[in-house]
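Work through each exercise with the structure open, then compare your steps with the solution.

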Amino acid sequence: MPICGDGKIDEGEACDGSNLAEQTCRTQGFEAGQLTCGADCTFVKTLCTKKCGNGMIDTGETCDGALGVSACTTFGSNRCGDDCQLDTTNCITQAFEAAPELTVTNGGPAVIADLPPTGVPDLVMAVPSRNRVEVFGWNTVQGFSGATSRKLSFQRTPLACVAGEFSGDGNLDIATVNDTGAFDTYVSQGGSTFSLRELDGGCPGAKLVGVVKAGPQRDLAVAWGCQAFFTLETNGVRRFDAPDAGLLAVGDFTRDGLGDVLVVDALGDTMTVFPGPGFLRDAGLTFSALPSQLATGDLDGDGDADVAAIIGNDVKLYENTGGALAEKLTFAAPRTAIVELRDFDLDGVLDVFFTAGDDVVVRRNRGQWAFSEFKQGVGAGTRLSAASGDVDGDGDLDVVITFSTGMDSTRSAVVRNRVR
């Protein structure tokens with residue numbers, strides 16, 4: 001039987017006493033130090049040292065952790081590699097490129113999601129003319145392909161859809177608003193199977209606003225209509241009356257990790273957060289005109305949420321000064337209906353995304369309320385939807401703009417982010 005401590009390396013032993021089998025700290029992946037053998041005949045590496053990762057730029061290194069990492073001055077970000085050499089491969093000059101478009105005879109507004117089975121991003125499209133939701137998987141050569149699409153049909157007429165984890169089982173589901181104003185969820189059953197959960201509870205003309213986090217494992221879809229907003233929950237629909245509301249936005253305004261609903265009244269002079277006291281509640285804030293859409297996020301890195309608003313043909317940025325909003329910048333944005341604050345270049349700060357005319361526009365946040373413009377043409381047409389998400393699975397945010405090209409036909413222009 002093998003005996004640990006006899007100085008001989010038997011089967012199952014890495015070392016024995018002073019016998020280290022000619023191994024050193026260097027052969028174990030370190031740069032210096034003393035390798036020893038423990039009482040259980042396994043290597044003890046606590047005295048081995050490795051310069052890369054010690055928080056100092058040593059000889060032969062250009063960086064270490066965040067130390068020595070310069071800012072990317074174009075689009076993207078630099079990082080320190082595992083070898084303590086500066087990696088600039090994600091700092092690029094051309095931010096976006098056109099990818100293959102998806103043209104379908106019967107289509108509708110779409111969102112980006114990675115539905116089960118996960119791993120291949122999907123374009124999830126409401127198709128009212130065919131009473132279904134259709135899911136198009138991504139192909140690295142063809143883009144979103146209709147050849148392998150999945151059709152989810154429950155004899156309903158979905159006008160729009162959003163994706164979220166509505167059942168709390170870890171899988172993404174789909175929420176829809178129908179031609180009657182009623183709500184449904186298509187609940188993932190694992191694999192590629194979905195079941196219908198009829199929620200109803202809506203009203204004519206209802207519109208889906210977005211998705212908020214309701215807990216560690218569950219989301220809520222939020223909708224608006226009939227001077228009220230609705231939360232689509234696991235066991236049904238809850239209604240919250242908001243008779244003076246002119247606009248809704250969703251997000252974590254109270255900074256508690258959960259989703260809230262921000263209501264702006266029809267005069268544009270007050271904002272209220274549901275639930276409970278939170279972000280700028282009843283602060284008597286004013287805009288130059290009633291916004292048509294809002295987005296919120298920390299643009300200046302001071303820990304509170306700032307605001308981007310579409311007002312007329314402009315996107316305006318407002319700084320949260322603590323009880324007030326100070327107008328900071330205005331970007332011309334003709335024919336836009338969407339604004340989002342997302343980190344497109346992966347540098348850790350939020351950028352401003354919107355559509356303007358025939359272009360997708362990202363204003364890169366360079367700090368101190370300075371922004372650089374990057375845009376990509378997507379062609380003209382009647383826009384049905386605009387969505388951001390990771391279409392190709394490489395970890396950065398891409399964009400899909402869906403246009404109407406006829407009675408029921410659509411064209412989905414795909415703009416790929418080149419950071420990764």
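**Exercise 1.** Is Arg239 buried, partly exposed or exposed?

*Solution.* Start with the cut-offs: buried means under 20% relative accessible area, exposed over 50%, and partly exposed in between (1.4 Å probe, protein chains only). Arg239 has 46% relative accessibility, so the residue counts as partly exposed. Next, look at its partner: Arg239 and Asp241 join their side chains in a salt bridge, 2.9 Å from N to O. Such a bridge is a side-chain nitrogen of Lys or Arg within 4 Å of a carboxyl oxygen of Asp or Glu. Asp241, at 55%, counts as exposed.

A note on the numbers: this is a predicted model, where local features need pLDDT of at least 70 and side-chain atom pairs count only at pLDDT 80 or more, while totals for chains, interfaces and linings use all residues. Residues are numbered from 1 along each chain as its sequence is written, and side-chain values use heavy atoms, leaving out hydrogens and water.

**Exercise 2.** Find the residue that forms a salt bridge with Asp122, and describe how accessible both partners are.

*Solution.* The partner is Arg150, with the closest N and O atoms 3.8 Å apart. Now check accessibility: Asp122 is buried at 4%, and Arg150 is buried at 19%.

**Exercise 3.** How many salt bridges does a search of the whole structure find?

*Solution.* The search finds 21. One of them pairs Arg418 with Glu97 at 3.6 Å, N to O. Here Arg418 is partly exposed at 32%, and Glu97 is partly exposed at 29%.
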